[in-house]
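The sequence and the coordinates are shown first.

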Amino acid sequence: MADEQVELASKDVFVLLGVSVPENLEIGTKRPEQGDTKDIENESVFTLDEDDKVHFMNVVEPLVVDVTPQDDLDNSSTDSLTKKEIEEQRWYNPTLNTGLEKSDFETLKSLLEEIKNTDPTKTLAALVKLKMEKILEGPYQNMFIALNGFKVLINILECNNEDCMENALIIVHEMSQHYGIQCALCKLDAVKPLINILLFKNNYNVKYLASETLQNIAKLRRGRKLIRLSGGIKIMVQMMNVSKHVLSMSLKNMNETNRATVGLMNCCAGTLRQLCRSLKSQKELWETGFVQLLSQLLNSVHSETQISIMSLVAECCRTRSEVVNQKTDIHIRVALKELNILQQVIEFLVSDSTQLAEKAAETILCMFDGDPVIYDILLKYKGMEALFKAIKKFQNDEHVMVLVITLLWKSSLNAKCRQVIERDPIVDFLMELLTYKFDDRVIGYAVATLSELWKSESLRGKLRLIAVPKYLDLLNTSLHSLVLAHVCTALGRASSDPQSMEMIDEAKGFRLIFVLLPSLDVDEFDKYEDFYEPQTIIAAAECLAMIVENTKFTLNPLKGMYEAVCDLVDLLTHKNLDFLAAVCHLIDVIATFEENLKIMVDAGIVENLANLVFTEHTNLRANLCKALGKCCTIGVTARRFSCQQVLDQLIKYTQSEHAVIRDNVPLALSGLSEDPFNCVRIEALGFVPFLKKCIHSNHPKTAMAAVNCLSNVRKASAAIGQYQECTANH
C-alpha cells in the first residue's frame with residue numbers, strides 16, 4: 001500500500017482541530033533576513049512558515065471495495081460547507097423531516113435581529129411577526145433555542161415598553177407549555193423577571209400571563225426551587241388576598257378590574273398547586289399565612305375559585321409514599337381540623353360541580369391518617385349523610401364515585417360511623433354496586449364496606465342472601481386484584497356463619513381461592529409468576545386460613561390435593577414478607593391434619609421454615625413461631641429443626657419489643673421440646689426464666705405452651721440425671 005505526504009493549508013489545521021480560525025491569520029514564507037524576530041506592531045499576527053506546515057498521511061488505495069452504483073453516489077461533502085451553511089442545513093435538511101424550510105431559518109434570524117433594535121416600534125413589529133411563526137412546533141422551538149431566542153425575549157421582559165413586554169411575554173407563555181422550553185427558561189433564569197412582573201406591573205393581563213408561565217415552569221423540580229428561592233410564593237399569596245366583598249359578588253355585577261383580580265387569583269392558585277408538589281414549598285406556603293385566607297376563599301360564590309383552592313388544598317394533603325418522614329401533618333392537615341375548615345369541605349361533597357366534589361373527597365380521604373379525630377368531625381358535621389348523598393348523586397361519574405366509595409369504606413372501619421351506615425338504606429345500594437359496570441374499584445370498595453358491615457349481626461341475614469352469592473360470582477368472573485382481595489376478606493368473615501359456609505362449599509369456594517396463590521416454578525427457583533398483586537395473594541392466604549378455622553377442623557379441605565400442599569411449602573421461599581407471614585399462618589392451620597403435615601415434611605418444610613428465622617418482620621416472626629411448633633408434632637421433625645440452629649435465633653425473639661412475637665415464642669418451644677436434645681438446649685440458652693413468666697400470660701395458648709415446654713424440660717433433665725446416676729453407680 002503506497003502513501004504520500006499531502007500539505008494542508010494552515011486554515012485547514014484549525015478546522016481539523018475543531019477551533020475557529022483567527023481573523024488575523026497570515027500564511028508566509030520564512031525570510032532569512034528577518035529570522036524569528038517580529039516587529040512589535042505586528043506582534044499579534046500569527047504566521048506559519050513552510051517548515052511549520054503539518055503533513056498528514058493520506059491513504060491512496062481504498063480499504064474496501066465500494067459497490068454503490070454510480071447513479072446513487074452522492075458527491076456532496078459537508079467539508080466544503082461553511083459554518084453558516086452547516087448551521088442552516090441542520091434546520092431545513094429535508095432528510096430530517098423537521099418541517100422547516102431554509103426561509104424559516106433566515107426569517108427567524110432576521111426577526112431576532114430586529115427585536116434587538118433600540119427602536120420600540122421596530123421591536124414591536126418584529127414581535128408581532130414572530131407570534132405568527134411556527135412557535136408551537138418542536139423543530140422550530142429547537143431552532144429558536146439554538147439561536148438564543150429566549151435570551152432576547154427575556155431581555156424584552158425587563159424593558160420599560162409595555163407593548164413590547166406584553167408581546168414578548170405572550171410568545172414565552174405559549175412556548176412554555178413544552179418540556180424543553182421549560183428547561184431552557186430555567187437555565188436562563190426567566191423566573192426573576194416573571195416574578196417582577198407580578199410584583200410591579202399594574203396590567204392584570206400581563207400578570208395573568210406571567211403567573212401561567214410560572215405555572216408551566218413549576219412542573220419542573222428545578223423550576224419549583226427557583227420560584228421558591230425567588231420569593232414567588234409570598235408574592236402569589238399576596239395576589240390571592242382579595243376582599244370578601246369581591247368574592248361575594250357575582251361576575252355579572254363585577255367591573256373589569258374585579259374580574260381581572262379574580263382571574264389572577266385563580267391563576268395564582270393553580271401555580272401554587274404546582275409548587276406544592278414540593279414539601280418545602282408547602283411549608284413556606286403555610287408560613288406566609290395562606291391558611292388564614294382559606295375560609296374566605298372557600299366561601300366565595302365563584303365555583304372556579306372554590307375549585308382552584310380545593311385543588312391546591314388537595315395537593316397539599318396528598319400523601320407522598322416516595323418521601324421519607326413526610327411532615328405535612330404539622331401544616332395543612334392539622335390546620336383543616338383545628339380551624340373548622342373541614343365543615344366547608346364536607347359540604348362540597350354534594351356540590352353541583354363534579355370537580356369540586358372530587359377535590360373535596362380527595363382532601364377528606366387524606367385526613368384518614370391514623371388520627372381518630374376525623375371520625376368525630378364526620379359525625380359532628382353530618383359527613384356520613386353527605387357521603388350517602390354523594391354516592392347516589394355521582395354514581396355515573398366513575399372518578400368521583402371511586403373517591404366517595406373509598407371514603408365510605410374508610411369510615412366503616414370506625415364503630416360509630418358503621419352504626420350510622422347500618423341504619424341507612426345505603427346498604428341496599430351498596431349491594432347493587434356489586435354489579436357496577438364503569439369501574440372495578442367501585443365494586444372492590446363496595447365489597448370492602450359490606451365486609452366491615454358483616455360485624456353487625458342485624459345485617460348478616462341480608463348479606464347472606466344477597467351479598468355472599470355475588471361474592472362467589474365475582475370470585476369466578478373478576479380479574480381485578482382489588483376486587484378479589486376484598487372478596488377473599490369478605491368470604492373469610494362470612495365463613496363464620498354455617499349457612500354461608502355451605503354456600504361457599506357448594507360453589508367450591510376453597511379451591512377457587514386457593515388458585516389465587518402464586519405458582520412457583522421449581523426449575524427456575526427465584527422466578528415467580530404472580531398474576532395478582534401482593535394484596536390479593538395475602539388476602540387469599542388469610543381467607544383460606546379463616547375458612548379452615550371456622551369449620552372447626554372437622555374436614556380437611558386439602559384432602560387429595562397433594563401438589564397443592566407441596567406448592568404451599570414452596571411458597572415459603574417467596575420474596576414478599578407479608579405474604580410469607582400469611583402463608584405461615586395458613587400452614588399452622590392446615591398442619592392440624594396429620595396427612596397434610598406428612599406431605600409438607602416430605603416437601604422440605606423444615607428447611608424452608610428454618611431459613612425464615614433470621615427475619616426482622618414482626619408478623620412473620622409471630623406466625624413462624626406458630627408454624628414451627630405445629631410442624632414438630634410428627635416424627636423426628638423437632639430433631640431436624642435443632643440441626644438448623646433454630647433455637648439460637650428464637651432466643652432473640654424473647655427480647656422483642658412486640659408482644660405478639662413474645663407471646664408466640666412458647667408455641668414454638670413447646671413443639672421443639674418434644675426432642676430431649678432440644679430440651680437441653682432450651683435450658684442452656686436461658687429460655688427457662690422467660691417461660692416461667694409466660695405461664696402467667698393472659699393468652700391461654702401461650703400459658704399452656706409454656707407449661708408444656710417446662711414440663712418437657714424437667715422430664716429431660718430428670719432423665720439425664722437418672723442416667724448419670726446409673727452410670728456413676730455402675
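Within helix α6, the buried residues are Gly149, Phe150, Val152, Leu153, Ile154, Ile156 and Leu157, where buried means under 20% relative accessible area, with a 1.4 Å probe and protein chains only. Because seven of the nine residues of α6 (residues 149–157) are buried, this helix is largely enclosed by the rest of the structure. Its buried residues pack against α3 (102–115), α4 (120–131), α5 (138–146), α7 (162–175), α8 (179–187) and α9 (191–200); contact means heavy atoms within 4.5 Å.

The model is predicted: local features need pLDDT of at least 70, side-chain atom pairs count only at pLDDT 80 or more, and totals for chains, interfaces and linings use all residues. Residues are numbered from 1 along each chain as its sequence is written, and side-chain values use heavy atoms, with hydrogens and water left out.

Helix α12 (residues 232–239) is also mostly covered, with six of its eight residues buried. These are Gly232, Ile233, Ile235, Met236, Val237 and Met239. The elements that cover them include α9, α10 (204–217), α11 (221–229), α14 (256–275), α15 (279–287) and α16 (291–298).

Overall, the protein has 42 helices and six strands. Helices (H or I, at least four residues) and strands (E, at least two) are DSSP runs, numbered from the N terminus. Of the 730 residues, 47% count as buried. Among contacts between residues at least 6 apart in sequence, 70% join residues at least 24 apart.

Two helix pairs are summarised below. Two packed helices are described by the angle between their axes and the distance between the axes. Axes are lines fitted to C-alpha atoms, for helices over the stretch in contact, and angles run from 0 to 180 degrees between N-to-C directions.

| Helix pair | Angle between axes | Distance between axes |
|---|---|---|
| α38 (residues 646–653) and α39 (residues 659–672) | about 155 degrees | 9 Å |
| α28 (residues 481–494) and α31 (residues 534–550) | about 15 degrees | 8 Å |

The angle makes α28 roughly parallel to α31, whereas α38 and α39 are roughly antiparallel to each other. Angles under 35 degrees count as roughly parallel, over 145 as roughly antiparallel, 65 to 115 as roughly perpendicular and the rest as oblique. The crossing of α28 and α31 is left-handed; this term applies if the near helix is turned anticlockwise from the far one by less than a right angle, and right-handed if clockwise.

On the α28 side, the contact residues are Ser481, Leu482, Leu484, Ala485, Cys488, Thr489, Leu491, Gly492 and Arg493, and they meet Gln535, Thr536, Ala539, Ala540, Cys543, Met546 and Asn550 of α31. By class, this contact has nine nonpolar, six polar and one charged residues. Ala, Val, Leu, Ile, Met, Phe, Trp, Tyr, Cys and Pro count as nonpolar, Asp, Glu, Lys and Arg as charged, and the others, Gly among them, as polar.

Helix α38 likewise passes α39 in a left-handed crossing. Val646, Leu647, Leu650 and Tyr653 of α38 make the contact with Ile661, Arg662, Val665, Ala668, Leu669 and Leu672 of α39. Nine of these residues are nonpolar, none is polar and one is charged.

A search of the whole structure finds zero disulfides, a disulfide being a pair of cysteine sulfur atoms within 2.5 Å. For Cys316, the nearest cysteine sulfur, that of Cys276, is 3.6 Å away. Cys316 counts as buried because its relative accessibility is 0%. For Cys625, the nearest cysteine sulfur belongs to Cys584 and is 9.6 Å away. Cys625 has 0% relative accessibility and therefore counts as buried.

Methods:
Buried means under 20% relative accessible area, exposed over 50%, partly exposed in between (1.4 Å probe, protein chains only).
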